[in-house]
Structures are given as structure tokens and as C-alpha cells.
Amino acid sequence: MIAHLFNAPLGESETAVGVGTVGSSEAIMLAGLAFKRKWQKKRKAEGKPCDQPNIVTGANVQVCWEKFARYFEVELKEVKLREGYYVMDPEKAVEMVDENTICVAAILGSTLNGEFEDVKLLNDLLTKKNKETGWETPIHVDAASGGFIAPFIYPDLEWDFRLPLVKSINVSGHKYGLVYAGIGWVIWRSKEDLPEELIFHINYLGADQPTFTLNFSKGSSQVIAQYYQLIRLGYEGYKNVMENCRDNMRVLKEGLELTGRFDIISKDIGVPLVAFSLKDSSTHNEFEVSDMLRRFGWIVPAYTMPPDAQHITVLRVVIREDFSRTLAERLVNNIQKVMHELETAPCKVCARISISGDGDDEQHGAVVVKKTALETQREITTIWRKFVMEKKKMNGVC
């Protein structure tokens with residue numbers, strides 16, 4: 001079902017090639033191993049060294065890609081981000097490809113801002129480079145979040161097996177696959193893209209069973225739940241859920257824009273989430289907004305972008321199927337309350353606290369004892385804590 005969803009080129013009687021995993025992290029490990037082993041076999045057959053494999057990604061990849069590179073001794077070559085462009089640049093990625101590149105990894109739904117990377121442009125540029133060099137560098141698509149979104153609300157977007165260089169795709173069932181945590185999938189384009197020597201065959205359970213996994217004993221409940229959801233909801237059901245998530249994302253985005261306090265970092269086409277940052281962070285920052293929203297029951301993460309956009313701080317709200325329009329409106333209202341409190345609060349950075357004494361004393365020659373940075377920090381922290389505690393008493397929040 002998932003292979004057909006991703007437009008795998010299967011014949012009528014041909015079985016899809018894939019495996020269920022414990023989330024996309026294991027799926028990425030398995031896909032990476034397949035790329036590495038296939039590249040090693042090709043290099044050995046050509047009589048060339050095969051001890052320095054690398055993989056090209058954007059700096060916005062999820063940490064599981066770093067784990068794969070470290071655990072399986074593959075160099076991770078990252079395309080740096082820049083302000084205003086927070087995904088992998090296909091042109092820069094292709095420039096970094098060399099004869100030791102086992103694959104280029106594109107993300108369909110960046111963790112940082114939900115944006116879909118341009119897999120079609122990457123495919124076109126890489127096809128051209130492969131023809132010029134004689135290499136056969138393939139593409140893996142990390143569709144952990146976007147794999148159950150794009151097929152339903154962006155069906156014309158070419159990112160999957162319709163592109164000839166895409167050899168494998170991973171997706172998380174426990175994200176927008178609408179299943180509880182602990183299930184992921186990796187699908188290969190064809191049998192030729194998964195080296196046979198990585199597959200083990202067992203028959204002690206009564207029949208031949210191929211297995212390719214890094215994990216061992218695990219329950220089947222998530223697999224059953226995924227199968228149930230695909231049958232129960234069907235194409236139209238998933239489409240309705242994803243459209244509803246997208247509509248609620250737009251409600252939240254528009255509400256934040258109307259406040260006039262935030263810049264929207266996320267894109268309209270992508271994972272239904274809203275990533276935003278303060279227009280003015282000179283007195284208060286996104287981490288303070290995140291911290292104070294917890295008083296209203298919201299866990300809204302604040303984080304800095306990867307290199308070379310690490311000076312940008314972002315807040316992110318992910319819209320799931322149970323995040324209603326009412327909740328979106330309530331969140332905007334709570335954010336406005338937090339911003340009002342922050343604006344009436346003492347500034348952490350500089351502002352309303354006289355640290356080094358009164359200016360008149362200095363003019364009349366009085367001795368002013370300068371405080372150390374640590375003493376200054378402690379004084380500001382004490383005043384800030386007192387202010388917050390008083391606010392909590394006034395608001396009656398437990």
C-alpha cells in the first residue's frame with residue numbers, strides 16, 4: 001500500500017520491497033546501510049578504494065542522520081543553511097557530491113520549519129552530474145513527516161519514485177501516518193536497490209521469512225494499527241485529515257501575523273506547522289515566550305537554527321489531527337497574554353535596573369563600586385524571579 005502511495009514502479013504481480021521499523025531512525029539506518037553496501041560492491045568491482053564513503057545532506061537533517069554517519073563510519077557532508085533559506089540548497093548539494101558519495105539525502109518536511117526540499121530539482125541536477133562524471137549517485141528521501149502528507153494534498157508534487165534517482169524512501173507511521181509511537185517504514189524502488197546479502201532468511205517458524213532489521217523482538221500492534229488506518233480511512237479519509245490540519249495551520253499562522261509581533265519562518269506548502277520568531281528580540285527572546293507559555297499548558301519549543309543560520313531563534317507549533325481551530329485561536333490568545341506580560345516585565349538584558357550606581361554620584365566624585373558580571377546576573381535574576389512570582393499570585397495559576 002505504501003509503495004503504491006509513493007508511486008513505486010511495480011508490475012501487477014510484483015511484490016513491494018520494504019520493511020517495518022521502529023520509527024524513521026531505524027529506517028534511515030537500514031536505507032543508509034543498503035546504499036553503503038551497494039557502493040562498496042561497485043567500487044570493489046572497479047578495483048577502487050572503498051574506505052571513505054560519504055553522504056551529502058543539509059545541515060537541517062534530524063539527528064538520526066548524524067547517528068548513522070558516526071555508527072557506520074560514513075562522512076557526513078552538510079550543506080550549510082543561510083538566513084531566509086533553511087533547507088538544503090540542491091545546487092550546493094550536487095557540488096559537494098564526489099565519487100565516494102553513497103547518496104544524497106533530501107528531506108520532505110524539515111524538522112525545523114516543515115518545508116519540503118526540492119527533490120525534483122535535486123534529481124535533475126544530479127542526473128546531469130552523473131552523466132558528466134559516469135557516477136551513479138542516487139537519492140534517498142527522508143519523508144518521515146511529509147510522506148503521509150504530500151500524496152494526499154500535494155499529489156502533483158514530484159518527490160517520490162516518479163523521479164528515477166530516488167531509490168529509497170522512509171516515512172514515520174507515528175507522525176502523520178496516524179498511528180501511535182513506534183512504527184516507521186522504508187521502501188526501496190526495486191529489489192536491485194537492496195543488496196541481497198543484507199537480508200537474512202529464517203524458516204524455523206514454518207516458512208521462509210526474510211528479515212532485514214537492527215531491532216529484534218517487537219510487538220505487531222503498530223503494524224496492525226497502520227494497516228487498520230489505511231483500510232479504515234482510505235485515500236479520501238487521509239486527505240480530509242491532512243486538509244483539516246493544513247486549514248488549522250493557516251488559522252494559527254494568520255492569528256500570529258495579526259499580532260504584528262512575529263515573522264513567520266515556515267512555508268504554506270509543507271508539513272502543517274507554524275515556525276515563527278520575534279520581530280523584536282532586543283528586550284525579550286523566544287526562549288522566554290516558550291517558558292511562559294508552559295503556564296497555560298502549552299509546550300512550544302524554542303531553538304536556534306543550525307549553521308550558518310544559528311543566530312536565528314524559532315518557536316514551532318506542529319498541527320496534528322487533534323489540534324482544532326478552537327485550540328489554534330486559544331493559543332494565539334495565550335501568546336498575546338504572554339507578550340503583554342513580557343512587555344510590562346523588567347528587561348533581562350539591560351533595561352530598567354541601575355547596576356552601577358547613580359549618575360549624579362559619579363559627577364560629584366563619589367566612589368562607585370562596579371559590580372562583577374556574576375553579581376549583576378544574580379541581581380537581575382532575583383528581581384525577575386520576584387516579578388514572575390508576583391504575577392503568578394495575581395493570576396491564580398498553579
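**Note on the predicted chain**

1. Overall make-up. The secondary structure comes to eleven helices and 13 strands; helices (H or I, at least four residues) and strands (E, at least two) are DSSP runs, numbered from the N terminus. This is a predicted model, in which local features need pLDDT of at least 70 and side-chain atom pairs count only at pLDDT 80 or more, while totals for chains, interfaces and linings use all residues. Residues are numbered from 1 along each chain as its sequence is written, and side-chain values use heavy atoms, with hydrogens and water left out.

2. Burial and surface. The chain has 398 residues, and 49% of them count as buried. Buried means under 20% relative accessible area, exposed means over 50%, and partly exposed lies in between (1.4 Å probe, protein chains only).

3. Contacts along the chain. Contact means heavy atoms within 4.5 Å. Take the contacts with a separation of 6 or more: residues 24 or more positions apart account for 68% of them.

4. UniProt, in an unreviewed entry, lists Lys175 for "modified residue: N6-(pyridoxal phosphate)lysine". UniProt positions are given in the numbering used here, feature names are shortened, and annotations may be inferred rather than shown by experiment. Lysine 175 lies in the loop between β6 (166-172) and β7. Lysine 175 counts as partly exposed because its relative accessible area is 28%. Its side chain makes a polar contact of 3.4 Å with the side chain of serine 172. A polar contact is a pair of N or O atoms within 3.5 Å; within protein, one must be able to donate a hydrogen and the other to accept it, and residues adjacent in sequence count only if both atoms are side-chain atoms. Leaving aside neighbours within four places in sequence, lysine 175 is in contact with Ala144, Ser145 and Arg320.

5. Arginine over rings. The charged end of arginine 320 sits over the ring of tyrosine 176, 5.6 Å from its centre. The rule: NZ of Lys or CZ of Arg is within 6 Å of the ring centre and within 35 degrees of the ring normal. Arginine 82 lies over the face of tyrosine 85, at 4.5 Å from the ring centre.

6. Aspartate 193. The loop between β7 (184-188) and β8 (200-202) holds aspartate 193. Its relative accessibility is 9%, so aspartate 193 counts as buried. The side chain makes polar contacts with two others: lysine 38 at 3.3 Å and serine 190 at 3.0 Å. Beyond neighbours within four places in sequence, aspartate 193 is in contact with Ala34, Lys38, Lys167 and Trp188.

7. Glycine 182. This residue also has a place in the loop between β6 and β7. Glycine 182 is partly exposed, with a relative accessible area of 23%. Its C-alpha atom is separated by 5.0 Å from that of valine 22, 160 residues apart along the chain. Apart from neighbours within four places in sequence, the contacts of glycine 182 include Thr21, Gly23 and Gln222.

8. Aromatic pairs. Rings of Phe, Tyr and Trp (its six-membered ring) pair if their centres lie within 6.5 Å; planes under 30 degrees apart count as stacked, over 60 as edge-to-face and the rest as tilted. By this rule the count comes to nine aromatic pairs. Phenylalanine 148 and tyrosine 238 are stacked, 6.0 Å centre to centre with 25° between the planes. Phenylalanine 148 is in the loop between β5 (139-142) and α6 (150-153), and tyrosine 238 is in helix α7 (residues 221-259), 90 residues apart. Both residues of this pair are buried. Phenylalanine 262 and phenylalanine 276 are edge-to-face, at 5.1 Å and 85°. Here strand β10 (residues 262-264) is linked with strand β11 (residues 273-278). Phe148, Phe152, Tyr235 and Tyr238 form one aromatic cluster.

9. Backbone points to check. Most residues other than glycine have a negative phi, and most peptide bonds are trans. The peptide bond from proline 307 to aspartate 308 is cis, with omega near 0°. Asparagine 7 has a positive phi, near 60°, and is found in the loop between α1 (2-5) and β1 (17-21). Glutamate 73 has a positive phi of about 55°. Glutamate 73 counts as exposed, at 65% relative accessibility.
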